[in-house]
Amino acid sequence: MTNPIEDIHASEVILITGSNTTENHPVLSAYVKRAVEFKGAKLIVVDPRKITMTKHAALWLRPKLGTDVAWINGFLHVILKEKLHAEKYCAERTVGLEEVAELVKKYTPEYVEEISGIPAADLVAAARMYASAPAASILYCMGITQHACGTDNVKSLANLAMLCGNLGVRGGGVNPLRGQNNVQGACDMGGLPNVYTGYQPVSKEDVRKKFEEAWGRPLSPNNGLTVTQMFPLAHEKKIKALYIVGENPMVSDPDLTHAKHCLEALDFLVVQDIFLTETAKLADVVLPSACFAEKDGTFSNTERKVQRVRKAVTPPGEAKDDWWILAQVATRMGYAMDYAGPEQIMEEIGRVTPSYCGINFSRIEREGIHWPCPNTDHPGTPCLHVDKFTCGLGVFHAIEWTPPAETPDAEYPLYLTTGRVLYQYHTGTMTMKSEGLNEKAPECFVEVAQADAERLGVADGEKVRVASRRGEITARAKVGGMVEAGTVFLPFHFAEAAANTLTNTALDPVSKIPEFKVCAVRMEKAA
Amino acid sequence: MEKKNIILLNGKETAFEPGETILDAARRNHVDIPTLCHLKGAASTGACRVCVVEVEGAGTLLAACSTFAAPGMVVRTESPKVVQSRKATIELLLASGNHNCAVRGGDGVDWTAFQLGVQAMDKTEALCPVWGDCRLQELAYKYQVNGERYPKNDTCYPVEEVNPFIVRDFSRCILCGRCAQACNQIQVNNAISFGSRGAEHKIIADGDFPLATAECVFCGECVQACPVGALTEKKVRYRHRPWEVKKVRTTCSYCGVGCQLELHVKDNTIVKVQGADIAPNHGSLCVKGRFGYDFVGHPDRLTKPLIKENGKHREAGWDEALDLVAKKLSEIKAAHGPDSMGVLTSARITNEENYVAQKFARAVLGTNNVDHCARL
Ligand code: SF4
Ligand code: SF4
Ligand code: SF4
Ligand code: FES
């Protein structure tokens with residue numbers, strides 16, 4: 001997030017898109033609800049599903065799946081045409097507005113209605129509302145990023161925020177909500193194929209030199225592969241070994257049947273986890289690790305705040321901290337790693353990472369610190385881009401809308417979209433161990449619109465078969481108003497009816513995120 | 001002097017900020033005024049009258065939580081009049097329900113009969129489930145009162161246990177309204193409200209249904225807000241007493257909000273989770289953060305390294321497993337080069353562990369093939 005969570009209380013308009021906030025980020029959603037109900041903020045929800053947040057919204061726009069760039073360009077069109085944008089801000093702090101202005105000329109409200117199904121008048125009203133606020137915040141989640149055009153979606157939202165001068169102000173910002181607790185930290189720590197810690201590129205000579213010196217080993221100058229590239233290469237026998245720490249791609253990966261073949265094709269698979277997950281079952285060696293309550297360290301939350309994790313209980317049996325296991329393997333491969341513990345590792349992180357330089361365990365004993373924090377006297381940076389953009393001028397990107405990689409046809413006439421439910425978490429390895437949570441969300445279901453249900457002769461609670469070009473699953477139909485006719489929704493937590501058996505592996509060309517949010521399926525009553 | 005934002009608090013000049021209540025000003029200056037119904041972050045209701053103070057010139061005692069500080073006010077927080085009033089208030093509350101902790105006397109008739117009656121309703125011989133963790137009990141001790149002078153009010157409700165997380169026992173409810181405020185003004189779930197059934201006031205879920213069928217999303221905010229034993233966690237009731245646990249502050253391991261938790265630990269087991277009163281959550285949690293901790297000590301946890309032989313996993317010691325991994329990876333590196341290997345690190349593990357994982361990939365295996373599954 002560019003802005004801290006607490007800033008939501010200072011927003012006058014909040015735009016939520018592609019985030020089922022009450023289910024996936026419940027405590028943050030309470031900030032939004034309080035801002036709306038008690039502090040006079042106005043809420044715009046743009047979402048194909050009738051999510052709970054729509055109850056609090058002043059305006060709810062319901063676009064067709066995969067039309068985000070189109071409606072955002074429509075917002076830009078209206079705001080520029082009516083001169084509601086922050087002219088001075090754009091002139092002083094940004095570049096590239098002319099190209100964008102040229103491109104969005106054709107995204108008239110009527111044209112956008114044709115693509116997205118959002119009534120032209122609603123689009124105009126929402127664009128005016130967003131532009132009218134001295135501080136407007138945008139919140140988004142996987143509904144924006146999990147598309148073949150996910151990177152374009154995110155850049156388009158940044159265009160919108162910049163156009164109205166909403167970056168670098170209290171109550172504003174473009175705020176991605178991270179799904180898993182430490183996604184932010186995994187990225188910050190260089191758990192990415194192209195960067196070391198703090199987003200320092202592996203391809204940059206001086207950066208690499210610095211790390212070679214710090215680590216005492218020659219390092220590769222080539223960008224590595226993303227997970228979505230590694231899997232197919234494993235299938236082709238070009239990747240021989242994978243070492244997987246605490247992840248369960250056998251439920252979370254798109255096109256699961258294919259993922260299984262990929263992992264089985266490996267010469268050697270190591271999985272380090274707290275449970276024998278679907279992925280661990282395939283491993284040659286499984287290493288038992290400690291969970292969050294059994295170790296010390298830090299997580300970085302969605303607002304870039306580095307907070308302490310503390311050991312409360314001892315791990316079961318012989319389970320060990322993940323860092324200890326990795327350090328042991330390293331040492332046994334001839335590279336000595338003899339850390340005394342997480343505190344010492346954090347000191348090393350600070351030495352090689354400018355944005356984490358001022359963060360250490362004693363400073364965050366009581367409360368966390370937002371990075372960038374360049375030195376130990378620095379208070380941290382809750383709000384980014386305050387007087388100027390971190391990288392100089394803010395850059396506008398002119399982006400055309402492109403349709404999703406797979407659209408419905410005669411054989412697969414329905415759109416499928418996927419997501420999470422409140423009572424389960426990701427692949428369910430943790431939440432499904434709680435009886436109470438399972439009682440609330442015991443099994444997979446598929447949301448179907450009334451009209452589609454009638455056409456297919458399916459009643460609420462009946463079993464249906466959902467099939468795509470990649471596979472099929474059975475689940476109970478939940479008939480109602482959550483989705484529009486022509487679209488069905490599946491939660492992806494459940495291994496025995498894994499939604500990702502159906503989803504498409506088409507990747508965003510930049511982020512390599514698969515298109516989980518849209519694919520084509522057909523549905524029928526299960527015998 | 002007159003116009004300055006200063007009050008005389010127990011004889012001491014005390015500055016206040018415009019818009020602050022007497023309670024706010026006192027708390028900021030470390031003067032303790034007891035409260036029961038006041039809930040931080042919600043509008044004051046003035047329902048319980050425990051926080052009353054004496055303000056010179058005012059005809060009656062005023063509720064500190066809902067009276068704004070004004071320049072020149074002379075306030076006494078523990079004067080004889082205040083103490084007398086608080087005693088009376090607490091006494092009435094104690095007498096109002098099944099408050100069967102030791103501070104409660106009998107019900108004016110017979111202590112033993114009272115206890116036995118409550119125990120029958122609770123279906124246990126233990127004292128009140130929140131013994132030792134109750135605001136009312138604390139205040140009763142502080143002001144040395146019991147409810148003996150009044151007969152026990154006999155509006156009694158059956159204990160409601162139908163939902164998986166929360167037990168509701170309105171026989172112990174003091175009608176402070178905090179639960180409804182927590183639900184409506186803090187979490188804004190609007191699942192419960194002050195309602196009535198027949199002649200009695202009562203906290204109700206949507207049209208007085210049991211909690212399991214209403215709008216409730218089981219965030220547990222109401223339970224954490226309840227100052228007495230009327231709302232309790234099902235898994236916690238009668239399992240431990242507060243002085244037996246060690247509390248550990250940590251960060252939630254589910255979503256990216258990063259709520260601050262207080263884990264309550266007894267005998268190396270997490271027995272309860274509460275929200276810590278600090279950013280970003282200020283005490284709030286959701287159902288996963290508050291109730292989703294069973295996985296930690298679950299019997300299915302992996303406890304030993306496993307090695308696959310003839311398609312089956314068998315248990316192994318650490319040395320054997322680690323040596324095997326090191327040997328295999330070294331062999332593959334030698335035969336096919338570093339880029340034939342990859343590491344998937346995790347959005348679930350700590351920063352320090354992610355750091356070590358990518359350093360392992362880059363410095364030890366020698367490849368930048370390192371990623372995590374967050375894009376999935
Ligand atoms: S658990 Fe949460 S949603 Fe349910 S009644 Fe209590 S505060 Fe409201
Ligand atoms: S249930 Fe608890 S919080 Fe709610 S009114 Fe009764 S005593 Fe107060
Ligand atoms: S308590 Fe809920 S909202 Fe808070 S971090 Fe945990 S999962 Fe997220
Ligand atoms: S705390 Fe002030 S009236 Fe209850």
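How many salt bridges does the rule find across the interface of chain A and chain B? There are seven in this predicted model.

**View 1. The interface of chain A and chain B in the predicted model.** Chain A contributes 155 residues to the contact, and chain B contributes 109 residues. About 11,000 Å² is buried between the two chains, with 63% of this area coming from carbon and sulfur atoms. On the chain A side, the residues that lose the most area to chain B are A:Phe292, A:Arg332 and A:Met333. Together these three make up 6% of what that side buries.

**View 2. A salt bridge between A:Glu348 and B:Lys359.** The two side chains meet with an N to O distance of 2.8 Å. Across the interface of chain A and chain B, the rule finds seven salt bridges.

**View 3. Polar contacts and the chain A side of the interface.** Between chain A and chain B, 60 residue pairs are in polar contact, counting pairs with both residues at pLDDT 80 or more. Helix α15 of chain A (residues 322-332) supplies ten residues to the side that touches chain B, the largest share from chain A. By residue class, the side of chain A that touches chain B holds 81 nonpolar, 37 polar and 37 charged residues.

**View 4. Strand pairing between chain A and chain B.** Strand β7 of chain A (residues 241-245) runs parallel to strand β15 of chain B (residues 341-345). Four bridges join these two strands. One of the residues involved is A:Ala241, whose bridge partner in β15(B) is B:Met341.

Note on methods
Residues are numbered from 1 along each chain as its sequence is written. Chains are lettered from A and ligands numbered from 1 in the order in which they are written. This is a predicted model: local features need pLDDT of at least 70, side-chain atom pairs count only at pLDDT 80 or more; totals for chains, interfaces and linings use all residues. Side-chain values use heavy atoms; hydrogens and water are left out. Contact means heavy atoms within 4.5 Å. Buried area is the accessible area (1.4 Å probe) that two parts lose on being put together, summed over both. A salt bridge is a side-chain nitrogen of Lys or Arg within 4 Å of a carboxyl oxygen of Asp or Glu. A polar contact is a pair of N or O atoms within 3.5 Å; within protein, one must be able to donate a hydrogen and the other to accept it, and residues adjacent in sequence count only if both atoms are side-chain atoms. Ala, Val, Leu, Ile, Met, Phe, Trp, Tyr, Cys and Pro count as nonpolar, Asp, Glu, Lys and Arg as charged, and the others, Gly among them, as polar. Two strands pair if DSSP finds at least two bridges between them.
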